[in-house]
Amino acid sequence: MADLFDGYPAGAAWDEVFDRTGAVRPSYRHVYEALGELSEAELRGRAETLARTYLTQGVTFDIGGEERPFPIDVAPRVVTEAEWDSVAPGVAQRVKALEAFLADVYGPQRAIADGVVPRSLVTSSTHFHRAAQGINPPNGVRVHVSGIDLIRDEAGQFRVLEDNVRVPSGVSYVLSNRKAMAQVFPELFSSLRIRSVAEYPSRLLAALTAAAPDGVSEPTVVVLTPGVYNSAYFEHSLLARSMGVELVEGRDLVCSGGRVWMRTTNGRRRVDVIYRRVDDEFLDPVAFRSDSMLGSPGLMAASRRGTVTIANAVGNGVADDKLVYTYLPDLIRYYLGQEPLLASVDTWRLEEPAALEEVLDRLHELVVKPVDGSGGKGLVVGPAATAAELAELRERLRADPRGWIAQPVVQLSTVPTLVEGGLRPRHVDLRPFAVNDGDHVWVLPGGLTRVALPEGQLVVNSSQGGGSKDTWVLGSARSTTVSSPQLLPRTLAFGEGVPLDASPADDRTEQQQQQQQQQRTLDPTDQAGAPC
Amino acid sequence: MLSRIAESLFWIGRYIERADATARLLDVHVQTILEDPWAEEDLVCRTLLSVMNREAPPEGTMVGRHFVLDQLAFDRSTPSAIAGSLTAARENSRRAREVISTELWEAVNGTWNQLPAHMIPSRPHSFFTWVRERAALVSGIVDQSISRDDTWNFLVLGRSIERADMTARLLATRALAGTTGPDWSTLLRSCGAHEAYLRRFRGLGSDETAADFLLTDRLFPRSVVHALWQAQACLDALDPAVGKASISGARRTLGHARTNLEYGALPDLIDQLPAEMLAVQRACSSASETIRQRYFPSGALTQWAGGVL
């Protein structure tokens, strides 16, 4: 048994399946045993089916003009109920603090006046948009959807790596991974209680509807996509489809009379809420980049008049600036009066001269990131970089210390992943998604687990060759007792229902009689014609 | 057309549709049992059996999905299971071989030939997907290669009656199992209706609108009302002269069931959903019987009494 795990190496990182002694952790026992029962050929067959499912569904991305299925690994990632119950409130707390910070930044700026954050932090952020100043969203929500990236450090503790409150993507993979896994591994699902993720689209729609401008009774919600060539187009269409709303491109929208409309076969229709998957800079050529073809001129004006809600709000990028990240524990204490529930990763602010000197000395052992990047862009892992790269980096850090942060190399936790040599440890992170409807921050159970497929690789972004895993948050154990009869809803007694009709000619006994008669009278080989 | 042939055509339509609808029904239910940790496997399985009018083991024994799959999917001996109804469809196609197109025959016969290769109990979903694809292939060929004469009308008449019946059964699973079974969106998905429904109601769905959609939507082809309407249209085409003067026979039965749903008050219908759905199923069954008497009368069996004369 468990051939696939043979030669599974122990590493410095926290392995989520095996503890330091090599024993299987209780949370994974079931999955481990179920995977161990499969032969390698069987498991690879299932992996192939998963990939084929994705190809059929169109869950693909482009590599040099060829469509490849988005890599989904056969081995799931398991989060226990207890672990999740500590993570989810921490995520919700962070979202609330980020909301409060954004409302403050684009409003009274109390935190700056009270000295919690320096004014330069806000004003020097590339994503702080003066065009958004003074726009008050109808129900006060700016972060309708967020993705908080978490990692597990060497001790197994969850830490926040970064916040994404602009247009966090990846939730479609959570939904489609679950669907595909349930079809390919039914036996894994049958004895575990795995919390469902299916209600995400309805939660999102409810949050978007709740954010509609005041006085609109039946708001029209649309999803704004950059178009079919966008790498996340699959996600945009999936969300629109599962919410039953229109998926629009910039050219489908027209702003007129201070309102936003869409062009339909029945004339113009008013749009009340835009769930946009287009970056701030491209949203409105009047307010931002004038060469943008992806947005619609006049959107910001309509938004300012309060006739349309843009979700997520414009200018949110100031809150997920990686330098703001370093202030977040203070911001949580300041706005919410609570201690942060989730730890952060130690971070050097390179603006501070002492920190910059220390970082420059230890560059070969640190991770350095641009503050406004996403998708792992521009990130340099010290131990993996060449001397020339480090030298070039040193220059850039000196030139623009505000633009960078540095963190120690955190060994992300590992989970077994099917690669050529069998199941091998690969580093993972976790992006839980939170939906804020104004009254309540709901965190989708689980979230997107991204896995770095090359050995030892710590960068998990799909643009850098990452894959994903289905993430299972376990509920309490499945009860095997039959419910008491009083509580059971009614079932029809046998015979009370209407039987399924069948053609009298298909009555088996009659057929047999006919055939017997035939056999008695005729030997089939004597027949001249073919039997049918 | 020979009555015997017409009867075969009618049943090809019914059996193929039954295989399709049963596959959809089982697929969502099995998926729900697997995916939703709070679904009661025993209860969901019992509901399925009772709705399909199959005998369930006595109370107290757990009924698992394997039992249900054996009974309703893989049983080849009875036309009320998927494998059995595909087999029966093939037998009926053989009887009507000379009037149906070669393409249609090959689609039905090919399905039957491939059946054993696809019946893998550990991979029910791929079996159901395959059944749905084959059913779609057959009905596509029916619509494209058969003239709109009596051949087509009998095939579609069978298909429509079966569709109304199966959608009614599907609605009954929800009404009976209550909140423990799959929810409305799952049921809609099983009919391939979820996306059409979301578009019609712009995602602001409720249990009532979901029931309403599957019962009375005039545009969605799998709603009960649409299927009954289609069946009636086929009957009109088969017998145009009678229709003008009065309504009788199967048309009355089907029309009565349809108008009851169409013009009934929705809250009343939903309150009485199990009973209303049984009424639809009975109407389908009785219409089927009337059609048999009207179009496929089998001569009284001639009995030979030997030795008296």
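This is a predicted model: local features need pLDDT of at least 70, side-chain atom pairs count only at pLDDT 80 or more; totals for chains, interfaces and linings use all residues.
Ser256(A) stands opposite Arg259(A), a residue of strand β9(A). Strand β9 of chain A covers residues 259-264, and four bridges join it to β8(A), the two strands running antiparallel. Both belong to an open sheet of three strands in chain A, ordered β8-β9-β10, with antiparallel pairing. The edges of this sheet are β8 (253-256) and β10 (267-271); each has a single partner strand, so one side of each is left without a neighbour in the sheet. From one strand to the next, the twist averages 40°.

A second open sheet in chain A has four strands, in the order β14-β17-β15-β16, and its pairing is antiparallel. Here the edge positions are taken by β14 (348-349) and β16 (380-381), each with a single partner strand, so one side of each has no neighbour in the sheet. Five bridges connect strand β15 (residues 366-370) with strand β17 (residues 404-408) of chain A, in the antiparallel sense. In β17(A), Trp404(A) is the residue opposite Pro370(A).

Chain A has 532 residues, of which buried residues make up 43%. Among its contacts between residues at least 6 apart in sequence, 70% join residues at least 24 apart.

| Helix pair | Angle | Distance between axes |
|---|---|---|
| α2 (residues 40-57) and α6 (residues 171-184), chain A | about 135° | 10 Å |
| α8 (residues 200-210) and α9 (residues 233-243), chain A | about 80° | 9 Å |

Helix α2 of chain A packs against helix α6 of chain A at an angle of about 135°. That angle makes α2(A) oblique to α6(A). The crossing of α2(A) past α6(A) is right-handed. On the α2(A) side, the residues that meet α6(A) are Arg46(A), Thr49(A), Leu50(A), Thr53(A), Tyr54(A) and Gln57(A); on the α6(A) side they are Ser176(A), Ala180(A), Gln183(A) and Val184(A). Sorted by class, this contact of α2(A) with α6(A) has four nonpolar, five polar and one charged residues.

For the other pair, α8 and α9 of chain A, the packing angle is about 80°. Angles of 65 to 115 degrees count as roughly perpendicular, and α8(A) and α9(A) are therefore roughly perpendicular to each other. Helix α8(A) contributes Pro201(A), Leu204(A) and Leu205(A) to the contact, while α9(A) contributes Leu239(A), Ser242(A) and Met243(A). By class, the contact of α8(A) with α9(A) has five nonpolar, one polar and no charged residues.

In chain B, one residue can be described in its setting. Gln144(B) lies in helix α6 of chain B, which spans residues 124-145. Around Gln144(B) there are 10 other C-beta atoms within 10 Å, and a residue counts as exposed at 12 or fewer. Gln144(B) is therefore exposed.

Conventions
Residues are numbered from 1 along each chain as its sequence is written. Chains are lettered from A and ligands numbered from 1 in the order in which they are written. Axes are lines fitted to C-alpha atoms, for helices over the stretch in contact, and angles run from 0 to 180 degrees between N-to-C directions. Angles under 35 degrees count as roughly parallel, over 145 as roughly antiparallel, 65 to 115 as roughly perpendicular and the rest as oblique. A crossing is left-handed if the near helix is turned anticlockwise from the far one by less than a right angle, and right-handed if clockwise. Two residues are in contact if their C-beta atoms, placed from the backbone, lie within 7 Å. Ala, Val, Leu, Ile, Met, Phe, Trp, Tyr, Cys and Pro count as nonpolar, Asp, Glu, Lys and Arg as charged, and the others, Gly among them, as polar. Two strands pair if DSSP finds at least two bridges between them. A residue is buried if 20 or more other C-beta atoms lie within 10 Å of its own, exposed if 12 or fewer, and partly exposed in between; C-beta atoms are placed from the backbone.
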